[in-house]
Amino acid sequence: MVVPRGQEYQAPQEVETREDEEQNIKLTEILELLVAAGYFRARIKGLSPFDKVVGGMTWCITTCSFDIDVDLLFQENSTIGQKIALTEKIVSVLPKMKCPHRLEPHQIQGLDFIHIFPVVQWLVKRAIETREEMGDYIRSYSISQFQKTHRLPEDDEFMQRKDKAIKMITDIFEVYKPQRKYKRQKGAEELLDEESKVHATLLEYGRRYGFSRQAGKTEQAEDKKIALPPGLAAAGKAEPCDEDDLQAAEELRIKTLMTGMAAMATEEGKLTASTVGQIVGLQSDEIKQIVSEYAEKQSELSAEERPERLGAAQQHRRKVASLNKQILQKTKLLEELQAKCADLQAKCTEAKKTLTEVKSSSEKLDKELAALETIESQADSSILQSLRALVAMNENLKSQEQEFKAHCREEMERLQQDIENLKAEAVENGDEQEPNKIIEQQYKTEKDKLQKIRLLLARRNREIAILQRKIDEVPSRAELTQYQKRFIELYSQVSATHKETKQFFTLYNTLDDKKVYLEKEVNLLNSIHDNFHQAMASSGSREQFLRQMEQIVEGIKQNRMKMEKKKQENKMRRDQLNDEYLELLEKQRLYFKTVKEFKEECRKNEMLLSKLKASSS
C-alpha cells in the first residue's frame, strides 16, 4: 500500500507488542530456558528482546546441525527488512526439523512470546539431545585417537597376557591336533562300500563308531541299521538283533578292519600319568587318585597282547576322555568353592563393618540416653508421666493398627477364596454360561457404539482442524495493521532511496550541461585568440571579424532567451505540482481522520455486540 509522503508524515514506530504480565512471564521463562541450555548471550542487558529470542532460536537450530544462513553476532538492532527476512528463514527451517508447533513470522516480529515459548522449549530440548549425541560421538572419537598414539599400563599388561594366551592356545592346538595312529597295509582286502571306508578312516585316527563293550550301555547310535560283514549279513536280515548281538557284531567288524592295519607310532599316542598331572596343575587328592588309577589302567593295557591292545584302543581313549571330564568337573567345582569362599569373605568384611557401625551407633544412643536421663531428672514429674502415657497410647494404637491390617488381609483372602469357590461351582453347574453370553453380547454392542462414536469424533475433529486452518489462514485486523505499517516503512525507505538517486541524477545532468557550456566558451575564446592577430592585419578582415563577433553575441542572447523561457515553464510546472501536492495532502489528512473515526465506530460496535451477547446469555 503506497501512502503519499508530506510534511506531516511521521517516521514508522516500533513493532506493536503485548505489554501484559503474561507476555513478560513467558519472556522470562524463554530467557531462563536459553541460559540453561548454554546460550549465555541472553543475559546481556543491552540487547532487545527480539535479538535475544531470535538469537537463541538461531543458536538452537545451528546446534541441531541445521543451516539457517544467518550471522547474528554482527546484526543487532536490525532494520525491519532484515528482521522480516530473518524470521522467514527461521520459520522455513522449523518444518524441516519436524517441529510439532506452528509459528508465523509476524508472531516472532510482534514478540508474541506465548506462541514462541513452546517452539523455544522444543528447540532447547532438541539442542540438548543433539549435544549429548555429539558429545558421545566426540568422546568415542577422542578415545580412539588417544589409543592410536598412547597406551595405558592396563593395555600393556593386556598385550603381554594376550601374547602368552595366544602362544598357549597354539601349543594346545599342536598337542591335541588329530594324529594318525594306524595305517592300512598294502596287501589288505579292498573295501567296497562307503560306510566301511569311513569306519576304516576313523579307526586310522583312533576313533570308533558304533557300539563298544563299555560305552554301549550309555551311548546309542543314531542309525540302528548296522552294516555287518558278509558272513553276518544274512543273519541280520533274517531276525532282529538285540543289544548284545549288535555289540558283538560291531566288535567283530572293528577287529576285521583292524587286521588290515599296522600301527604307525604307538609311543606317540601314549599319555603318561606325569603328563596328566602337569596339564591339570592342581594338587588336590581326588585328582592325584584319578592320575594313579589312570597309570594303573595304562600299565594293564600295555601288559596285554598286541591284538587285544589294538582292539581296545577306542575303549582306552574313552576312558581317558571320561577321566579328563572328571578332572574338568572337579576343577570347576574347586573354582566355584573358591568363588563362594571369596563371597563369604566379602560378606564377613561387610558384616564386620556393619558391626562397627552398630557399635558406634549404640554408643551414641547410650550417650543420648544418659543425657535424656539427666534431663528427665531435672524435668517435671507430672509432664513426664503424661508423656509416658501418650507414648504408651501411641504404641498401643500402632499395634492395634497392625492387627487390624492383618485381620483385613485375612478377611480379603477368605472372601477371594469364597469368590473362587462360587465361580468354580457355577462353572460346574453351568449356571454362569447364560449371564456370560449376555454380558459378552452387551460388551460387543457397547464396543461397536464406542467405535462409531470414535469415528464420528475423529471426523468432527478433522472438520474442526480444517476450519481452524482456514481461520488461521485469514489474517486478523492486528496482523493487517502490522503489515500495513511494515509496508509503509518499506515504502518510505524505498522512496528515500529513490529521491536520493534522483537528486544524484539531476546533479550529474546539471554538471554535465555546465561542462558542455564551459567547453564551448573555452573553444570560442581560443578561436578568438587565435584569429585576433590575423584579423587585425587588414581592414577587410577586421570588419569580417567584427561581424562574426556580433553574430556570436546574437546567438548567445538567443540561447539565453531560450533558457529563460524554459526556466519559466519549469517554474510554472513546479507551482502546479505544488498545488496538486497540497490537495493530496489535504485528502491524506481527511483519509487518516476517516480511518480513525471508522476504528472508533468499529470499537463501539464490538462493545455493543459483546454487551448484547452477554445480555442474551
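How many residues does helix 1 have, and how far does helix 1 reach from its first C-alpha to its last? Helix 1 has 17 residues and reaches 24 Å, close to the 24 Å expected at 1.5 Å a residue. The expected span is 1.5 Å times one less than the number of residues in the helix.

This is a predicted model, in which local features need pLDDT of at least 70, side-chain atom pairs count only at pLDDT 80 or more, and totals for chains, interfaces and linings use all residues. Residues are numbered from 1 along each chain as its sequence is written, and side-chain values use heavy atoms, with hydrogens and water left out.

**Overall picture**

- The protein has 17 helices and 2 strands. Both are DSSP runs numbered from the N terminus: helices are H or I with at least four residues, and strands are E with at least two.
- Of the 617 residues in the protein, 19% are buried. Buried means under 20% relative accessible area, exposed means over 50%, and partly exposed lies in between (1.4 Å probe, protein chains only).
- Take the contacts between residues at least 6 apart in sequence: 68% of them join residues at least 24 apart. Contact means heavy atoms within 4.5 Å.

- The buried residues of helix 1 are Q23, K26, L27, I30, L31, L34, V35 and A37.
- Helix 2 (49-63) and helix 5 are included in what covers them.
- Just after helix 1, G38 takes a positive phi of about 120°.
- G38 sits in the loop between helix 1 and helix 2.
- G38 has a relative accessible area of 25%, so G38 is partly exposed.
- Leaving aside residues up to four places away in sequence, G38 touches W59 and R131.
- G38 and G56 are 18 residues apart in sequence, and their C-alpha atoms are 9.5 Å apart in space.

- Helix 5 has 37 residues and reaches 52 Å from its first C-alpha to its last, close to the 54 Å expected at 1.5 Å a residue.
- Buried residues of helix 5 are F113, I116, F117, V119, V120, W122, L123, V124, A127 and T130.
- These buried residues pack against helix 1, helix 2, helix 3 and helix 4 (105-109).
- The axes of helix 1 (residues 21-37) and helix 5 (residues 113-149) come within 9 Å and cross at roughly 10°.
- Helix 1 and helix 5 are therefore roughly parallel to each other.
- On the helix 1 side, the contact is made by E22, Q23, K26, L27, E29, I30, L33, L34 and A37. On the helix 5 side, it is made by F113, I114, I116, F117, V120, Q121, V124 and R131.
- By class, the residues of this contact are 11 nonpolar, 2 polar and 4 charged.
- The classes work like this: Ala, Val, Leu, Ile, Met, Phe, Trp, Tyr, Cys and Pro count as nonpolar, Asp, Glu, Lys and Arg as charged, and the others, Gly among them, as polar.
- Axes are lines fitted to C-alpha atoms, for helices over the stretch in contact, and angles run from 0 to 180 degrees between N-to-C directions.
- Angles under 35 degrees count as roughly parallel, over 145 as roughly antiparallel, 65 to 115 as roughly perpendicular, and the rest as oblique.

**Helix 7 and helix 9**

- The axes of helix 7 (residues 194-204) and helix 9 (residues 243-258) come within 10 Å and cross at roughly 70°.
- Helix 7 and helix 9 are therefore roughly perpendicular to each other.
- From helix 7, H199, A200 and L203 meet R253, I254, L257 and M258 of helix 9.
- This contact has 5 nonpolar, 1 polar and 1 charged residues.

**Cysteines**

- A disulfide is a covalent bond between the sulfur atoms of two cysteines. The cut-off is a pair of cysteine sulfur atoms within 2.5 Å.
- The whole structure has 0 disulfides.
- C64 is in no disulfide, and the nearest cysteine sulfur, that of C60, is 6.8 Å away.
- C64 counts as buried because its relative accessibility is 5%.
- C99 is also buried, with a relative accessible area of 15%.

**Two more residues**

- K83 is found in helix 3 (residues 80-96). Its relative accessibility is 16%, so K83 counts as buried.
- K83 and D51 are 32 residues apart along the chain, and 9.5 Å separates their C-alpha atoms.
- Q548 lies in helix 17 (residues 539-616). Q548 counts as partly exposed, at 40% relative accessibility.
- Q548 and I528 are 20 residues apart in sequence and 10.0 Å apart in space, C-alpha to C-alpha.
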